[in-house]
Amino acid sequence: MFDLKQITTLLIDMDGTVVDSLPQLKLMYYDFLKRNGIEGTDQEFKELNGAFLSDAIKMLNEKYRLHLDTDQASQDFIQRLRDYYAKEAVLFRGVEDFLSYAKKMGLKTALVTSASPIHAEALLKGTNIARFFDAIITPNSKVIKGKPDPAIYLEALKVLNVKPNEAIAVEDASNGVRAAVSANIYTYHIFSEKLPNDLEGENLVKKVADWSEILNAFWRINEPS
């Protein structure tokens, strides 16, 4: 049975979880396809959410037979996203309060994201929350696969030297939830996206409305009245 008292480590997703970047990412996805005469769909964007950037571009390239230079297209996305994370990104309400509390309680915290290290670092610095994180775990297409593969979460456990039952993941999208659960990590599924049926009934997944609900859960365990 899951016991919140044994948690020492927080493994937190970035896009759609810490920062409301999905509208910007969706806009870039639609723009990318539109410039090549193709109309994107919300369902396709949802399926790509959480995937490694170069993998997503490669998939779109192959699916629509665009014959584009994947590396060049990736670089274009990287620069546009870097500017967004550094200058425009806004944290979801309650994120900083929770991270501050976690720091006070001595919990180890890692950002576990399919975004590139450049984007993760730009986000942490741009929103002034870098001080709360002990590590940034990002994929490497040759070693660590992006979500929904569990490799990125297994790497996070290794880097922070913790067991799965000592960690909690916080995710918003099904790809991320699946990655964490596949690594046997209890996962808070934040916000409103409906998960696939197999994940909706998963014992390792708890649906929460927002960051304040997560904060309250930890507060009740650590500071009971």
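Biologist: Where is the place of Glu 166?

Modeller: Glu 166 is in the loop between α7 and β4. Helices here are DSSP runs of H or I with at least four residues, strands are runs of E with at least two, and both are numbered from the N terminus. This is a predicted model, so to speak of local features we need pLDDT of at least 70, and side-chain atom pairs count only at pLDDT 80 or more, while totals for chains, interfaces and linings use all residues. Residues are numbered from 1 along each chain as its sequence is written, and side-chain values use heavy atoms, with hydrogens and water left out.

Biologist: How does Glu 166 count for accessibility?

Modeller: Glu 166 is partly exposed, at 26% relative accessibility. Buried means under 20% relative accessible area, exposed means over 50%, and partly exposed lies in between, with a 1.4 Å probe and protein chains only.

Biologist: Thr 109 is in β2, so which residue stands opposite it?

Modeller: Leu 10 stands opposite Thr 109. β1 (residues 9–12) and β2 pair in the parallel sense over four bridges; two strands pair if DSSP finds at least two bridges between them.

Biologist: What about Leu 10 and β4?

Modeller: The bridge partner of Leu 10 in β4 is Ile 168. β1 and β4 run parallel and are joined by four bridges.

Biologist: Which way do the β1 residues point?

Modeller: Thr 9 and Leu 11 point one way, Leu 10 and Ile 12 the other, and all are buried. In a regular strand the side chains alternate between the two faces of the sheet.

Biologist: And how many residues of β2 are buried?

Modeller: Four of the five residues in β2 (108–112) are buried, so the strand is mostly covered.

Biologist: What is the strand order in the open sheet?

Modeller: The order is β3-β2-β1-β4-β5-β6, six strands with parallel pairing. β3 and β6 (205–208) are at the edges with a single partner strand each, so one side of each has no neighbour in the sheet. On average, neighbouring strands are turned by 25° against each other, direction ignored. Axes are lines fitted to C-alpha atoms, for helices over the stretch in contact, and angles run from 0 to 180 degrees between N-to-C directions.

Biologist: How many bridges join β4 to β5?

Modeller: Four, between β4 (residues 167–171) and β5 (residues 186–190), which run parallel. Ala 169 stands opposite Thr 187 in β5.

Biologist: Back to the other end. How do β2 and β3 pair?

Modeller: β2 and β3 (residues 135–137) pair in the parallel sense over three bridges, and Val 112 has Ile 137 as its bridge partner in β3. The chain gets from β2 to β3 through α6 (residues 117–126), a right-handed β-α-β crossover. Right-handed there means that, with the strands pointing away from the viewer, the path from the first strand over the helix to the second runs clockwise.

Biologist: At what angle do α4 and α6 pack?

Modeller: At about 15°, with the axes of α4 (residues 70–87) and α6 7 Å apart. That makes α4 roughly parallel to α6; the cut-offs are under 35 degrees for roughly parallel, over 145 for roughly antiparallel, 65 to 115 for roughly perpendicular, and oblique for the rest.

Biologist: Changing topic: how many aromatic pairs are there?

Modeller: A search of the whole structure gives six aromatic pairs. The rings of Phe 98 and Trp 211 have centres 5.4 Å apart and planes at 45°, so that pair is tilted. Rings of Phe, Tyr and Trp (its six-membered ring) pair if their centres lie within 6.5 Å; planes under 30 degrees apart are stacked, over 60 edge-to-face, and the rest tilted.

Biologist: Which helices hold Phe 98 and Trp 211?

Modeller: Phe 98 is in α5 (residues 95–104) and Trp 211 in α10 (residues 211–222), 113 residues apart, so the pair links distant parts of the chain. Phe 98 is buried at 0% relative accessible area, and Trp 211 is buried at 1%. Ring pairs also link Tyr 29, Tyr 30 and Phe 45 into a cluster.
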